[in-house]
Amino acid sequence: SIEVQDVDGNRCTWYEDDGVVISVDLISPGGVIATLLGEKSLRAENGRVTFTDLNVDKNGVGFQLVFRISAGAATLGISTSSPRFNVSFGVPTKVVIASGTNPTGASPGNLLLQQPTIA
């Protein structure tokens with residue numbers, strides 16, 4: 001989770017009535033055009049936000065997230081960045097027919113009654 005803190009490291013809960021929002025942006029490594037998906041702006045509750053559905057749509061080494069604070073329409077100029085991280089997708093190794101979709105009901109020249117689904 002991301003916390004809004006004062007200079008002494010105390011969590012700031014008194015700003016919530018001002019509509020404090022934490023937004024996140026993706027910095028992609030050179031040569032990679034990627035998109036950050038998910039809800040990218042959340043209103044702070046009790047001085048904290050927790051992003052739960054962020055994901056990156058491309059492979060790459062050295063992505064970074066930048067979090068910014070705003071209150072109402074004003075950007076406060078306060079930000080922090082995550083450590084760099086990598087995104088990789090597994091290489092396909094097999095094809096599987098989804099449970100309950102084995103082909104059935106075949107007769108010459110007609111559609112299968114149960115069409116297979118590949119998972």
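**Exercise 1.** Classify Asp25 by its relative accessible area, then identify its salt-bridge partner.

*Solution.* Step 1: Asp25 has a relative accessible area of 38%. With buried meaning under 20%, exposed over 50% and partly exposed in between (1.4 Å probe, protein chains only), Asp25 is partly exposed. The model is predicted: local features need pLDDT of at least 70, side-chain atom pairs count only at pLDDT 80 or more, and totals for chains, interfaces and linings use all residues. Residues are numbered from 1 along each chain as its sequence is written, and side-chain values use heavy atoms, with hydrogens and water left out.

Step 2: a salt bridge needs a side-chain nitrogen of Lys or Arg within 4 Å of a carboxyl oxygen of Asp or Glu. The partner of Asp25 is Arg68, at 2.7 Å from N to O.

Step 3: Asp25 belongs to strand β2 (residues 20–27) and Arg68 to strand β7 (residues 60–71), so their pairing ties together parts 43 residues apart in sequence. Strands (E, at least two residues) are DSSP runs, numbered from the N terminus. Arg68, at 36% relative accessibility, is partly exposed.

**Exercise 2.** Which strands hold Arg48 and Glu3?

*Solution.* Step 1: the side chains of Arg48 and Glu3 form a salt bridge at 2.4 Å, N to O. Step 2: Arg48 is in strand β5 (residues 48–49) and Glu3 in strand β1 (residues 2–3), so the pair links parts 45 residues apart in sequence.

**Exercise 3.** What is the N to O distance between Lys58 and Asp57?

*Solution.* The distance in this salt bridge is 3.8 Å. Lys58 is partly exposed at 37% relative accessibility, and Asp57 is partly exposed at 29%.

Technical notes
Helices (H or I, at least four residues) and strands (E, at least two) are DSSP runs, numbered from the N terminus.
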